[in-house]
Amino acid sequence: MITFDKSKCVACNNCVRVCPSIGANNVEYDENGKLVFNINEQQCIRCGACVKVCSHNARGYTDDTERFWNDLKSGVKIIAVCAPAVKVSFDGCWRNVLDILKKNGVEKIYDVSFGADVCTWGHVRYLEKNPKTKLISSPCPAIVNYIKKFCHEALKHLSPVMSPMLCTAVYLKKYLGEQAKIAALSPCIAKSDEFRDSGLIDYNVTFERLGEHLKENGTNFESLRKVRSDFEFSGAGGIMGAIYPRPGGLKACLELENPELGVINSEGTDVVYKNLDMYSQIGERDLPDVFDVLSCGNGCGSGPAIGEQMSIYRMSGIMNGIEKYNRNHRVRFDRKHRDRQFLEFDKTLRYEDFLRTVPPEDIAKINVTDEQIDDMLDKMNKFTETERNYNCHACGFATCREMARAIIMGVSSVSSCAQYMQGEANKRNLRIAETNTAIGEVTNELNQVVAELTENIGSVTEAVGGITELNTTNHTQITSLASILDELKTLSDDINKAMGSINGSISSFANTTRDIDEIARQINILSINASIEAAHAGDAGRGFAVVASEVGNLAGHSQEAVKEAQKGNALVFDNIKAVNSILETVNAKMSEISRMMNEVRDNVADTMSKGNDISGAMSKVSDINNRVEGLVTKAESMLGE
C-alpha cells in the first residue's frame with residue numbers, strides 16, 4: 001500500500017499532478033494548520049506514480065519483504081517467481097541477487113517470462129474462440145484497479161486472461177504440484193492487490209525493498225558486479241515473454257503469433273488513463289482487437305519499486321537484445337506457422353485454467369454540477385473566460401474546471417491555484433503598500449514621540465542627579481552634625497564638672513561667712529563689755545586693755561576669715577568664668593547646628609522640588625507611553641489587514 005508522512009508533505013501538488021485518480025489525494029491540514037495531501041485508500045489504484053515523483057519522501061509504500069524474510073528464517077517452505085523486469089534491475093547483478101536468495105533458503109526460483117508466454121498463448125486462444133471480441137490487456141494491476149473502480153463500462157472488455165505472474169503461479173500449483181508458499185519478486189506496488197484478490201501468491205517482494213534488505217545485512221553490490229553468477233531459473237524458461245516489461249511487450253508477442261490482430265499500446269500515467277476514460281466512448285468499430293496498456297511510461301522496467309532505475313537507453317538496449325536473441329535463436333515455426341512452444345501448451349494446458357473474472361468495485365462518488373463548478377470558480381476570483389481557462393496545471397489538474405471540481409470534492413484547495421494565489425498576493429502587496437505608507441506616518445510620529453521621551457528622560461536624569469548630589473550634601477551635613485553633637489556632649493560633661501567645683505566653692509564661702517558672723521558677734525559682745533567697763537572705770541586703763549587685747553585677737557581672726565572668703569570668691573569667679581567660656585562654645589556650636597539644620601531643610605526642600613519635577617516628567621513619559629501603545633495598536637491593525 002501507499003504510505004504517507006504528513007510531516008514531510010509540502011503540498012507541492014506533484015502527487016496530484018501525476019495521480020490518475022482525482023479522489024486519491026485528500027486535502028488535510030496538520031496540527032499547525034499546514035496544507036497537506038493525504039491518501040484516500042479507497043480511491044487509490046496503487047500505481048505508485050506519486051511515490052516516484054515525491055522528492056520530499058512524504059509518499060512511500062509497504063510490501064511483504066520483511067514478512068517474507070521472517071518466514072524464510074523460521075523454516076517456512078517458500079519458492080519464488082521472478083518478474084522478467086529483474087534483468088533491468090540491481091544494475092546488472094540480478095543473477096547474483098537471486099543466487100543469494102537460494103542460498104538463504106528459497107528452494108526454487110521460476111522465470112515469470114514463462115508465465116508471460118502462457119499469457120500470450122491464452123490471449124491468442126481466447127481471441128480465436130471469441131472472435132470480434134475487443135480486449136484491454138490485464139497484466140498491469142494498476143490498470144485493472146483503475147478499470148474496476150472508475151471505468152465500469154470498460155470492465156467487460158478487460159481481458160480475462162491472468163497476468164504473467166498469476167499464470168506462472170497457476171502452472172506451478174496445478175501442473176507441477178507445488179505446495180510451498182510463493183513469493184513474487186516484482187517492481188510493482190499494485191501487485192499486492194492482485195495477489196490478495198486471487199489468493200495465488202503469498203508475498204509481494206519488490207526489487208527495491210529486497211535490495212535495501214540485502215544492503216542492510218552486509219551485501220556489497222559493487223563486489224557482486226565483479227563476479228558473474230552461474231544462477232539459472234528452475235523449470236521451463238520463457239521465450240518472447242521476456243520482453244513483456246517493455247512498452248508494447250504484449251503487442252509484440254501477439255503480433256508475432258497472429259500478425260492479423262489489430263493491437264495498439266499506451267503507457268504512462270499522463271496518457272493511458274485518459275485513453276481508458278475515452279475507451280467506452282469510442283465505437284467498437286474503431287477499437288483495436290487488443291489495447292495493450294501499462295501504467296508506467298517506460299514499462300515495468302520503470303516500475304515504482306524497481307529500485308535504482310537504469311537509463312532509458314540501457315534499459316531499451318537490454319530489452320531489444322533479449323528480443324533479438326529470442327527471435328533469432330529460440331522461436332521456431334512449423335508449417336502451420338504455429339510456435340512449437342504454443343503447440344506444447346495446446347497439448348498440456350487448458351487455457352480456461354488461466355482465466356479469471358474481475359468484479360467491479362463500488363466507489364463512493366460525489367456528483368458535481370456545472371453550476372457548482374461555476375460558483376467555485378467565482379469564489380476563486382475567476383470571472384472572465386480567460387481567467388476560467390487559465391489552465392496553468394500548477395494545481396496538478398489539466399484545467400481550472402477540473403480543479404474547481406476537485407475542490408468541491410474535498411481533494412484540493414484554492415490555495416493550490418497559482419492564479420488565485422497570485423491575485424491574493426497582488427491584493428496583499430497593495431495592502432502592504434498602503435500599510436507601508438501608514439506605517440511611515442506612524443514611524444514619523446514615533447520619532448517625534450521618541451524625541452519627546454528622550455527629552456523627558458534627560459530631565460528625569462538631571463533631576464535624579466540633583467537629588468543624588470543633595471543627598472550627598474545632606475549626608476555630609478548630618479555626619480558633621482553628629483560630630484558637633486559629640487562635642488556638645490563633651491562640653492556638657494565639662495559644665496557638670498565646673499558646676500561641681502562651684503558648689504564646693506560656694507560651700508567653703510558659706511563656712512567662711514559663718515566664721516565672720518561669729519567673730520562679729522564676739523566683737524559686739526566685747527564692745528558692750530568694754531563700754532560697761534569704761535563706764536565703771538576707775539582704773540579704766542587696765543580693763544580696757546584686756547578688752548582691747550581680745551578685740552585685737554578677734555580682729556585678727558576676722559582678717560584671716562576675710563582672706564579665706566576672698567580666696568573662695570576668686571575660685572568662684574574662676575569657675576563661673578570657665579562656665580561662661582563653655583557656654584560661649586555651646587552657643588557657637590548651637591549656631592553651627594542651626595545653620596546646618598537650615599541647610600538640610602533647604603536641601604530637603606530642593607529634593608522635594610526635584611521629586612515633583614521627576615513626577616511631572618514621569619507623568620509626561622506615561623502619556624508618551626500611552627501614545628506609543630496607541631501607535632503600535634494602529635500599526636498592528638494595519639498589518640493584520
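These legends go with a set of close-up views of a predicted model.

**View 1. Here is the largest nonpolar core, which has 81 residues.** Start with the members that touch the most other members: Phe68, Phe90, Leu98, Leu101, Ile109, Ile201 and Phe207. Helix H5, running over residues 112-129, gives this core its largest share, nine residues. If you wonder about the general pattern, nonpolar side chains in soluble globular proteins tend to be buried together.

**View 2. Now zoom in on Phe207 and its contacts.** Which residues does Phe207 contact, once you leave aside its neighbours within four places in sequence? The list is Cys82, Ala83, Ala85, Val86, Ser89, Phe90, Leu185, Ser186, Pro187, Ala305 and Ile306.

**View 3. Helix H9 covers residues 207-216 and has a buried side.** Look for Phe207, Leu210, Gly211, His213 and Leu214, which are buried. Seen down the axis of H9, these buried residues fall within an arc of 160 degrees, so they line one face of the helix. On the face turned away from that buried side you'll find the exposed residues Lys215 and Glu216. What sits over the buried residues of H9? The cover includes helices H3 (65-73), H4 (94-103) and H10 (221-224), along with strands S5 (78-82), S8 (181-186) and S9 (203-206). After H9 comes Gly218, with a positive phi near 95 degrees.

**View 4. Helix H17, residues 400-409, has buried residues of its own.** These are Cys400, Met403, Ala404, Ala406 and Ile407. Around the axis they cover an arc of only 160 degrees, which puts them on the same side of H17. Helix H15 (370-379) and helix H16 (385-388) are among the elements covering them. H17 is followed by Gly410, and the phi of Gly410 is positive too, near 85 degrees.

**View 5. Time to check some cysteines, in a structure with zero disulfides.** Cys9 is in no disulfide, and its nearest cysteine sulfur, in Cys15, is 6.1 Å away. Is Cys9 buried or exposed? With 8% relative accessibility, Cys9 counts as buried.

Note on methods. Residues numbered from 1 in each chain as written. Predicted model: local features only at pLDDT ≥ 70, side-chain atom pairs only at ≥ 80, totals over all residues. Heavy atoms only, no water. Core = buried A, V, L, I, M, F, W, Y, C linked by side-chain atoms within 4.5 Å. Buried < 20%, exposed > 50% of the residue type's maximum accessible area, 1.4 Å probe, protein only. Helix = DSSP H or I, 4+ residues; strand = E, 2+ residues; numbered from the N terminus. Contact = heavy atoms within 4.5 Å. Arc of directions from axis to C-beta. Disulfide = S-S within 2.5 Å.
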